[in-house]
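I opened this entry to record what I looked up in one structure. The notes follow the order in which I went through the topics.

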Amino acid sequence: MSKNPFLDLGFPPEEAVALHIRSQLAATLELHIQRKGWTQVAAARELKVPQPTISKIVNGSIEKLSIEFLIKLMVRAGLPVGISGGRKSSSRSASGRRSAVHPSTAA
């Protein structure tokens, strides 16, 4: 078994990575909402989105939410978002940039 359940389910690697990143971002946002004790209405107000968007995040219906949008919500929530790639989290490309998004679960 890999660290990416979408790979284990047979998704192509590029799609599995995108799905995994999207689900990690949404799970981090959901945990933040829980830790803050926000209702969906309060979370929507704080994150400046309609309440049905928060409902989608909380209920796992995130297939239509882009990774970029979820990153923007993370920033609005004051949550750190880091980018890394390669086999080790400290690996960098020749340009010095990393290539995968890893949200922190710290609230």
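**Charged pair**

I began with Lys72, which is partly exposed at a relative accessible area of 43%; I use buried for under 20% relative accessible area, exposed for over 50% and partly exposed for what lies in between, with a 1.4 Å probe and protein chains only. The model is predicted, so local features need pLDDT of at least 70 and side-chain atom pairs count only at pLDDT 80 or more, whereas totals for chains, interfaces and linings use all residues. Residues are numbered from 1 along each chain as its sequence is written, and side-chain values use heavy atoms, with hydrogens and water left out.

I then asked which side chain meets that of Lys72 in a salt bridge. It is that of Glu68, at 3.6 Å from N to O; the criterion is a side-chain nitrogen of Lys or Arg within 4 Å of a carboxyl oxygen of Asp or Glu. Glu68 is exposed, with a relative accessible area of 54%. I found both residues in helix H5, four residues apart, about one turn of the helix; helices are DSSP runs (H or I, at least four residues), numbered from the N terminus. A search of the whole structure gave one salt bridge.

**Nonpolar core**

I next looked up the largest nonpolar core, which has 18 residues. The term stands for a set of buried Ala, Val, Leu, Ile, Met, Phe, Trp, Tyr and Cys residues joined through side-chain atoms within 4.5 Å. Leu29, Leu47, Ile54, Ile57, Leu70 and Leu73 have the most contacts inside this core. At least two core residues come from each of H2 (13-36), H3 (40-47), H4 (51-59) and H5 (67-76). H2 gives the largest share, five residues. I noted the general background that nonpolar side chains tend to be buried together in soluble globular proteins.

Which residues of H4 are buried? I listed Thr53, Ile54 and Ile57. They lie on the same side of H4, because they cover an arc of only 100 degrees around the axis, taken from the directions from the helix axis to the C-beta atoms. Their cover includes H2, H3 and H5. After H4 comes Gly60, with a positive phi near 80 degrees.

In H3, I recorded Ala42, Ala43, Ala44 and Leu47 as buried. These residues pack against H2, H4 and H5.

**Ile57**

I returned to Ile57, which is buried at a relative accessible area of 2%. Leaving out residues up to four places away in sequence, I found that Ile57 touches Ala26, Leu29, Glu30, Ile62, Leu65, Leu70 and Leu73, a contact being heavy atoms within 4.5 Å. Ile57 and Leu29 are 28 residues apart along the chain, and their C-alpha atoms are separated by 7.7 Å.

I found one aromatic pair in the structure. The ring centres of Phe6 and Phe11 are 5.9 Å apart and the planes stand at 70 degrees, so the pair is edge-to-face. Rings of Phe, Tyr and Trp (its six-membered ring) pair if their centres lie within 6.5 Å; planes under 30 degrees apart count as stacked, over 60 as edge-to-face and the rest as tilted. Phe11 is partly exposed, at 32% relative accessible area.

Finally I checked His20, in helix H2. His20 counts as buried at 18% relative accessibility. With residues up to four places away in sequence not counted, His20 touches Lys3, Asn4, Pro5 and Phe6.
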